[in-house]
Amino acid sequence: MTFPSIEHSIAIPYQLRVLFTENAFATDNPLLRNLLCSKESGSRRKAIFYLDEGVAAANPQLVPQIKAYFQHHKEDLNLRGIHLLPAGEPIKNNTDYLKEIYAQIEEQKICRHSYLIAIGGGALLDTVGFAAATAHRGIRHIRFPTTTLGQGDAGVGVKNGFNFRGKKNFVGTFAPPFAVVNDFAFLDTLPEKHLRNGYIEAIKVALIRDASFFDWIESQANALNAFQPAAVRELVHRSAQHHVTHIATSGDPFEMGSVRPLDFGHWAAHKLEQLSDFRISHGEAVAIGIAIDTLYSQKMGYLDQASVDRILNLITQLKLPTYAPELEQKTADQQNATLAGLEEFREHLGGLLTITLLKQIGQRFEVHEMDTEKILQSIQDLPR
């Protein structure tokens, strides 16, 4: 006797929301309280906080503010701990901190209706987000990105990544956070380097989606160099809008296919971070990666010289790098080590190499092979 197959489509709606505020932990700011209590009524909402040590040091009032906020809303909220974690990519390179988070979730009886709240840069958000996505098969997670890069790009997406065997984000999940809260007050204490890192992701999304946004960034270069709050905040908001819109409307939010336009410039950037042992920040590496792929687009006849000049000029005008000596490193067989990033990117995509390039500012397309000689020429022609 044979039985027919059983097949059903499973549609799971996700609400990807990014909220903007200032001084979220002021007791008269209701945003977080309302967010935590926006689902089931009844019991007090339990939450554990994980703070980037650098953010906590730069904002010494933050921990007392969180405690005062939960005390002020004690009828609704239940604070189950505030833990400090190191900043930067090394937190993702072994499982020590991840195991600590799992242990604290278990000890505090944090369930699927409780919250893990992460405040910090991309590495901390990745680590806590991965723990939240995997403990109990998913705990509600709220992100507070504290950098321009996090608020405009990495922190508003649906991915959590963990490094393994020297490969960036080899382990990870697609798990939309319960919410992202962009608190502009955190940008006030951000070091210059980390303010600029978010600029390049805004340039990236403008290059692949919106020429008028690129024009606006050019027009605001002086204001952005002076870190004028109005300009920085608008850049962050417009960048976040483009990233969230792409994720929500591209038809591939969990990247089941091989097209990754939001990874324009990233195949070389990820490899460059590895080659520098993460001395080069993600934003700096992306700036260099975009410069390489911009020159490559021109050398292959896809992009005009005037557009190349505008792109490279804007990157340098915003004081972001277009070259690093690590680009010249060789492998054991004397090949350029950066080129290995193509194979690693192909593997990351799932087998088919797909690289986003430019036809013009605001218009991208994909190719499935790269001319390595043209890549090496592009590297040699980078502004230094």
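Trainee: In which hand does H11 pass H12 in this predicted model?

Mentor: The structure is a predicted model. In it, H11 and H12 form a crossing, and its hand is right-handed.

Trainee: How are the axes of H11 and H12 placed, and is the pair parallel or oblique?

Mentor: The axis of helix H11, residues 266–275, comes within 7 Å of the axis of helix H12, residues 282–299. The two axes cross at roughly 135 degrees. Angles over 145 degrees would count as roughly antiparallel and 65 to 115 as roughly perpendicular.

Trainee: Which residues of H12 meet H11, and what is the make-up of the contact by class?

Mentor: From H11 the contact takes in His266, Trp267, Ala268, Ala269, His270, Leu272 and Glu273. On the H12 side are His282, Ala285, Val286, Ile288, Gly289, Ile292 and Asp293. Sorted by class, the contact of H11 with H12 has 2 charged, 4 polar and 8 nonpolar residues.

Trainee: How are H8 and H13 placed, and in which hand does H8 pass H13?

Mentor: Helix H8 covers residues 211–219 and helix H13 residues 305–317. Their axes come within 11 Å and cross at roughly 45 degrees, and H8 and H13 are therefore oblique to each other. The hand of the crossing in which H8 passes H13 is left-handed.

Trainee: Which residues make the contact of H8 with H13, and how many are charged?

Mentor: H8 contributes Phe214, Asp215, Ile217 and Glu218, while H13 contributes Arg310, Ile311 and Leu314. By class, the contact of H8 with H13 has 4 nonpolar residues and no polar ones. The number of charged residues is 3.

Trainee: How many residues are in the largest nonpolar core, and which have the most contacts inside it?

Mentor: The largest nonpolar core has 65 residues. Those with the most contacts inside this core are Leu207, Ile217, Trp267, Ile311, Leu318, Ile355 and Met370.

Trainee: Is Ala240 buried or exposed, and what does Ala240 touch?

Mentor: Ala240 is in helix H10, residues 229–249. Buried means under 20% relative accessible area, so Ala240, at 3%, counts as buried. Not counting residues up to four places away in sequence, Ala240 touches Phe20, Gln151, Gly152 and Val156.

Trainee: What separates the C-alpha atoms of Ala240 and Gly350?

Mentor: Along the chain, Ala240 and Gly350 are 110 residues apart.

Trainee: Where is Asn23, and what is its phi near?

Mentor: Asn23 is in the loop between strand E1 (18–21) and helix H1 (31–36). Asn23 is partly exposed, with a relative accessible area of 43%. Its phi is positive in a residue other than glycine, with a value near 60 degrees.

Trainee: How far apart in space are Asn23 and Phe184?

Mentor: Leaving aside neighbours within four places in sequence, Asn23 is in contact with Asn29, Asp183 and Ala185. Asn23 and Phe184 are 161 residues apart in sequence. C-alpha to C-alpha, their separation in space is 7.6 Å.

Trainee: Where does His136 lie, and what is its phi near?

Mentor: His136 lies in the loop between helix H5 (122–134) and strand E5 (140–145). With a relative accessible area of 47%, His136 is partly exposed. Phi of His136 is positive, in a residue other than glycine, and near 55 degrees.

Note on methods
Residues are numbered from 1 along each chain as its sequence is written. This is a predicted model: local features need pLDDT of at least 70, side-chain atom pairs count only at pLDDT 80 or more; totals for chains, interfaces and linings use all residues. Side-chain values use heavy atoms; hydrogens and water are left out. Axes are lines fitted to C-alpha atoms, for helices over the stretch in contact, and angles run from 0 to 180 degrees between N-to-C directions. Helices (H or I, at least four residues) and strands (E, at least two) are DSSP runs, numbered from the N terminus. A crossing is left-handed if the near helix is turned anticlockwise from the far one by less than a right angle, and right-handed if clockwise. Contact means heavy atoms within 4.5 Å. Ala, Val, Leu, Ile, Met, Phe, Trp, Tyr, Cys and Pro count as nonpolar, Asp, Glu, Lys and Arg as charged, and the others, Gly among them, as polar. Angles under 35 degrees count as roughly parallel, over 145 as roughly antiparallel, 65 to 115 as roughly perpendicular and the rest as oblique. Buried means under 20% relative accessible area, exposed over 50%, partly exposed in between (1.4 Å probe, protein chains only). A nonpolar core is a set of buried Ala, Val, Leu, Ile, Met, Phe, Trp, Tyr and Cys residues joined through side-chain atoms within 4.5 Å.
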